[in-house]
Structure formats: structure tokens, C-alpha cells
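The sequence and the structure are shown first, and the description follows.

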Amino acid sequence: MSRKGWLEYVVTQEDAGLTVEQIARQKLSVSGRMLQRLTRSKGILLNRKSPYLQRQVKAGDRVLVRVAERQQQREGTSETDGAREAARIPVSILYEDEHLLVADKPAGMLVHPVREGQNGTLVHALAAYLRDKGEQAGVHPVHRLDKETSGAILLAKSGYGHQLADRLLREGGIKREYLAVASGVVEKEADTITAPIGRDPRHPTRRRVIDGGDPAVTHYEVIARAEEATLVRVWLETGRTHQIRVHFQHIGHPLVGDAMYGGNSRLLRRQALHAWRLSFVHPVSGDEIVCTARMPEDMTSLVTRLRL
């Protein structure tokens with residue numbers, strides 16, 4: 001059960017005798033690190049009072065855990081300036097509740113700053129969006145998309161939400177599907193690419209298929225073919241950096257527009273890759289959440305021109 005900024009659990013007869021700490025960890029999935037933070041800030045309550053964590057509970061007791069973040073806005077900081085700049089960039093919200101948010105990231109936008117003072121990122125834009133709604137929530141990316149990749153991305157609005165979603169990601173509970181335009185004619189109707197990925201020693205950011213790299217598995221199926229390119233649906237079993245881009249280069253079909261991996265940038269000025277569908281079972285409510293992001297105009301135009 002949730003109330004504004006807090007998560008509440010009513011102790012059952014079966015739970016009687018457990019400690020407050022056990023209820024927080026086992027029933028509300030609070031990590032050890034978060035438990036320490038909550039204890040210091042009086043973020044755990046038993047029947048509206050701050051308890052000892054080892055106190056035993058009885059049926060009917062109410063254990064509350066604060067899940068909303070306390071933030072103080074610092075005027076004049078680069079974060080504030082970045083949020084103001086990003087507020088001018090429209091970002092569609094595909095799903096939102098008190099814990100999680102799914103956004104449709106535009107191509108050309110970084111998910112978060114990669115160096116000090118960097119502005120105009122998705123995190124900045126969403127911080128501005130939440131602030132305008134009067135929410136003092138954080139923005140925590142659960143996974144990432146490359147700067148030039150568009151589409152659905154999951155973020156958490158609190159440390160608690162991030163902890164739950166990160167566990168879901170590690171356990172394979174977040175399903176991500178992409179639409180991509182690959183160069184040339186991909187002959188197989190469907191296939192799985194299994195090839196380890198590591199850093200390219202000759203380039204600071206590029207990746208490559210390499211012996212001893214991290215295991216990487218990519219599934220795809222062909223949607224349509226044309227003379228110059230193939231439209232494919234892609235889904236991942238692993239989430240390595242540049243995985244789809246590297247794997248399609250590896251099989252001889254780099255993504256259209258992906259200059260880093262040998263794609264033809266004459267047809268598109270960025271890699272033709274869009275995260276179109278994201279689904280998961282909500283870690284708090286248990287509901288199935290399915291979000292779809294419409295293909296952006298540049299890729300739609302490309303598909304039309306190529307007659308895919």
C-alpha cells in the first residue's frame with residue numbers, strides 16, 4: 001500500500017514475530033544501504049513512531065518506509081542551468097507513477113551528463129518536468145540509450161524505485177525491443193547473434209567483437225526488405241554498450257547512418273535505431289507495464305524512402 005511519499009505494509013498474522021528490519025527487507029525489498037540511510041533520517045516508522053530495527057512486530061502493526069527523496073534546489077548550480085536549458089526540449093512521457101517513469105528520448109540527447117557542467121540531457125529535462133509539477137523527485141536512469149538512439153527508456157524517481165528497477169534489470173525482467181534499419185539485404189528471416197563484445201583498443205569509445213569480451217546475445221527478425229536496406233525488429237538478452245550496432249556490423253550489415261561502425265550516413269545522419277517497446281512487471285504493484293514509442297520522423301521518412 002502506498003501513501004504520498006511513503007510505502008506502508010500491514011503486518012499479517014504470519015509475519016508476527018519478525019523484526020522491523022526483516023519486514024523492511026523481506027516485504028518491502030529495502031536494501032541494506034537504503035536501510036541505513038532511512039534509519040539515519042527517521043525514514044522508517046512503526047505505527048507512526050521511529051522504532052528500533054530489531055523490535056518485533058505483531059499482526060496489525062503498520063510499517064512505513066519513506067520512498068520519496070528529500071532534495072534541496074541549489075540556485076546558480078550547473079544542474080539548475082541544465083534543467084532550464086533542457087526544459088525547452090520536449091520529452092514525451094509514456095508512463096509515470098510515484099516510483100518509475102518511462103520517457104521517449106529524442107535522438108541527439110544524452111541520457112545523463114558524462115562530464116562536469118554538461119547540460120541539456122534527458123536527466124535535466126525530466127528534472128525540470130518534475131519540478132514544474134511540484135515534485136521533489138530525483139531522476140535515476142535504470143538503463144541507457146546511446147545519444148543518437150531514440151525511444152523508450154526507464155528511469156526511477158527515487159532511490160527506492162531505482163533499487164527495485166535495477167534488480168528487475170539484473171534478473172532479466174525488463175524487456176526491450178528495437179526497430180533498426182540494417183544496410184543491405186539481411187537474408188535470414190530470423191536469427192540470434194552470439195558474439196562477445198569488448199573495447200576497441202584503437203578507439204576510445206568504439207566497441208568490437210573480440211575473444212575474451214563480455215558475452216552478448218542479440219535476437220532479430222526481418223520485418224521488410226528493400227534493395228539497399230532491411231527493417232528488423234531486435235531484442236536483447238544482454239545489454240552491452242553499442243551491442244546492436246556492433247553485432248549488425250559483425251554480420252556484415254551495419255546500421256544505416258552509423259558512421260562509427262561502417263553504416264551509410266548519406267541516408268540518415270544518425271544510426272537508424274529506435275527503442276520502440278519496453279515492458280516489465282511493476283516491482284511494487286505487480287501490474288504488467290507495456291510502453292511503445294512511435295518511430296520518430298527521421299526514421300519514418302527513411303523507411304518510406306527505401307520502401308520498407
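## Basis and confidence

pLDDT is the predictor's confidence in each residue, on a scale from 0 to 100, and a contact means heavy atoms within 4.5 Å. With these terms, residues 71-79 stay under 50 in pLDDT, and the model has 13 contacts beyond four places in sequence for them. The mean pLDDT of the protein is 89, with 91% of its residues reaching 70 or more.

The model is predicted, so local features need pLDDT of at least 70 and side-chain atom pairs count only at pLDDT 80 or more, while totals for chains, interfaces and linings use all residues. Residues are numbered from 1 along each chain as its sequence is written, and side-chain values use heavy atoms, with hydrogens and water left out.

## The nonpolar cores

A nonpolar core is here a set of buried Ala, Val, Leu, Ile, Met, Phe, Trp, Tyr and Cys residues joined through side-chain atoms within 4.5 Å, where buried means under 20% relative accessible area, exposed means over 50%, and partly exposed lies in between, with a 1.4 Å probe and protein chains only. Helices (H or I, at least four residues) and strands (E, at least two) are DSSP runs, numbered from the N terminus. The largest core has 29 residues, of which A103, L122, L126, L155, Y220, V234 and F248 touch the most other members. Two or more residues come from each of β6, α4 (122-132), β8 (150-156), β9 (174-183), β13 (217-225), β14 (229-236), α6 (243-250) and β15 (273-281), and α4 gives the most, with 5 residues. A second, separate core of 20 residues includes Y9, L18, A24 and L28. In soluble globular proteins, nonpolar side chains tend to be buried together.

Helix α4 has L122, V123, H124, A125, L126, A128 and L130 as its buried residues. Just after α4, G134 takes a positive phi of about 85 degrees.

L101 is placed in strand β6 (residues 100-105) and, with a relative accessible area of 2%, is buried. Apart from its neighbours within four places in sequence, L101 is in contact with I93, Y95, E96, L126, Y129, L130, I153, L154, L155 and K157. The C-alpha atoms of L101 and G161 are 9.7 Å apart in space, although the two residues are 60 apart in sequence.

G161 is also reached from S158, whose side chain comes to 3.0 Å from the backbone nitrogen of G161. S158 is found in the loop between β8 and α5 (159-170), and S158 counts as buried because its relative accessibility is 2%.

## The aromatic pair

Rings of Phe, Tyr and Trp (its six-membered ring) pair if their centres lie within 6.5 Å, with planes under 30 degrees apart counted as stacked, over 60 as edge-to-face and the rest as tilted. By this rule the count is 1 aromatic pair. Y220 and F248 form this tilted pair, at 5.4 Å centre to centre and 55 degrees between the planes. The pair links distant parts of the chain, since Y220 is in strand β13 and F248 in helix α6, 28 residues apart.

Both Y220 and F248 are buried. Leaving aside its neighbours within four places in sequence, F248 is in contact with A182, I193, Y220, V232, V234, H253, P254 and L255.

## Salt bridges

A salt bridge is a side-chain nitrogen of Lys or Arg within 4 Å of a carboxyl oxygen of Asp or Glu, and a search of the whole structure finds 21 of them. One of them joins R62 and E8, whose closest N and O atoms are 2.8 Å apart; R62 lies in strand β4 (residues 62-66) and E8 in strand β2 (residues 6-10), so the pair ties together parts that are 54 residues apart in sequence. R62 is partly exposed at a relative accessible area of 37%, whereas E8 is buried at 3%.

E177 forms a salt bridge with R277, with the closest N and O atoms 3.4 Å apart, and this pair links strand β9 to strand β15 across 100 residues. E177 counts as buried at 13% relative accessibility, and R277 is partly exposed at 24%. In the salt bridge of R202 with D200 the closest N and O atoms are 3.6 Å apart; R202 counts as exposed at 67%, while D200 counts as buried at 6%. E96, K133, E135 and K157 are linked in a network of salt bridges, and among these residues E96 and K157 are also in contact with L101.

Conventions. A polar contact is a pair of N or O atoms within 3.5 Å; within protein, one must be able to donate a hydrogen and the other to accept it, and residues adjacent in sequence count only if both atoms are side-chain atoms.
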